[in-house]
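Subject: Structure handover

Hi,

Here is the structure I promised to pass on to you. Please have a look at it first, and then read my notes below.

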Amino acid sequence: MPRNVQWAYERTGTHLLFLAESIVYGPSYGAVQALIRNPQPLDPDYVWHRITDGLPPLLDWLRLHVPPAFARRPLLSLKMKQDHMLGIAEHYDVSNEFYELFLDKKYMFYSCGDFDTGEESLEEAQANKANFLLELIDPQPQDKILELGCGWGAMMRRIREAIGNSENLVGYTLSQQQVEYIRQHHELNVEFKNFVTHDYSHEAYDKIYSIGAWEHVRERDVPIVLEKLHSALKPGGRLVQQFFCGIVETPASCVVAAQVFFPGSMPAAYPSQIRAFEQPGFGLAIGPSMITGLRCEHGSITWSPTARGLSS
Ligand SMILES: C[S@@+](CC[C@H](N)C(=O)[O-])C[C@H]1O[C@@H](n2cnc3c(N)ncnc32)[C@H](O)[C@@H]1O
């Protein structure tokens, strides 16, 4: 087949695929998949502006309303049928070198930073976030501390800096590459473990925290995991969570688009999170703080087990 005919076929196929995916999953999903399939290297400025610039009103309306609200749950339920662990591995095991390209150079945090003035560098914003969370976790040298979803060990390193050792500190992740990276570069205790299905020992920890990992916990699992975490904390223990979630129960259309990046993950909405945290007896100690940026809500919530009469 002549090259220009083949090219025309490919272009038509790409456009049809974009159209089909946009109709079923929404234009954000279709557009991102089209960018990923594009054989040409992407221009960073172009992609940045595509994602952050406002859209013309009609496209913006389509972005927010397709797929329609009534179709989102069934669509997402289908997506949730895929293995959660495979979805995590697909996202995080791309390669450590890849993530080193764009995460902050000091810690390699892969979660929201605090741009308090908007003038900070990424490194400063991540340090702001780490310092804020450090105050909430309030680690003491003798504390047994667990991080759920520890990434490349960023917060574990910040805690070690603060208390001078990491003997009682452990992190769980579902990425084999992260485990290898942390063991090789930082000599921290890290385990390849699923914090959703794990059976925690009773009253094993003084502090449990997670940063940008609770988003991966599916709605139906949230209450079950919170029961387990509540029981895993010692009396007076503390659970610190930073995560973002939708503010209403209907999943936003961007949650469908997020399946491109986080296949099989879907954050529960804020009201059901609140109910689920209260169920085992956690009480809200600080927060929530809501900061809007890039059209997503970022919630930072600290919970303490007040049911034991030990609010902090
Ligand atoms: C967005 S990253 C955040 C990493 C780190 N907390 C940070 O702030 O840089 C999410 C992390 O959660 C982990 N994760 C997600 N679901 C998990 C699960 N069920 N069990 C263990 N780790 C999980 C991923 O492997 C990844 O390390």
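First, a convention for helix pairs: a crossing is called left-handed if the near helix is turned anticlockwise from the far one by less than a right angle, and right-handed if clockwise. This is a predicted model, where local features need pLDDT of at least 70 and side-chain atom pairs count only at pLDDT 80 or more, while totals for chains, interfaces and linings use all residues. Residues are numbered from 1 along each chain as its sequence is written. Helices (H or I, at least four residues) and strands (E, at least two) are DSSP runs, numbered from the N terminus.

By that convention, helix 11 and helix 13 make a right-handed crossing. Their axes come within 9 Å and cross at roughly 35 degrees; axes are lines fitted to C-alpha atoms, for helices over the stretch in contact, with angles from 0 to 180 degrees between N-to-C directions. Val222, Pro223 and Leu226 of helix 11 meet Gln273, Ala276 and Phe277 of helix 13 (contact: C-beta atoms, placed from the backbone, within 7 Å).

A nonpolar core is a set of buried Ala, Val, Leu, Ile, Met, Phe, Trp, Tyr and Cys residues joined through C-beta atoms within 7 Å. Buried stands for 20 or more other C-beta atoms within 10 Å of the residue's own, exposed for 12 or fewer, and partly exposed for anything in between, with C-beta atoms placed from the backbone. Of the 44 residues in this core, Leu133, Met155, Ile208 and Leu229 touch the most other members.

Around the ligand there are 21 residues, of which Ser111, Gly149, Gly151, Ala213 and His216 come nearest (near: C-beta atom, placed from the backbone, within 6 Å of the molecule or strand). Helix 6 (84–92) and strand 2 (169–173) each supply at least two residues of this shell.

Some backbone details, too. Val66 and Pro67 are joined by a cis peptide bond, with omega about -5 degrees, and Pro67 sits in the loop between helix 4 and helix 5. Asp138 is not a glycine, yet has a positive phi of about 50 degrees; with 14 C-beta neighbours inside 10 Å, Asp138 counts as partly exposed. Glu187 likewise has a positive phi, near 50 degrees, but counts as exposed because it has 11 C-beta neighbours inside 10 Å.

Best wishes

Note on methods. Contact = placed C-beta atoms within 7 Å.
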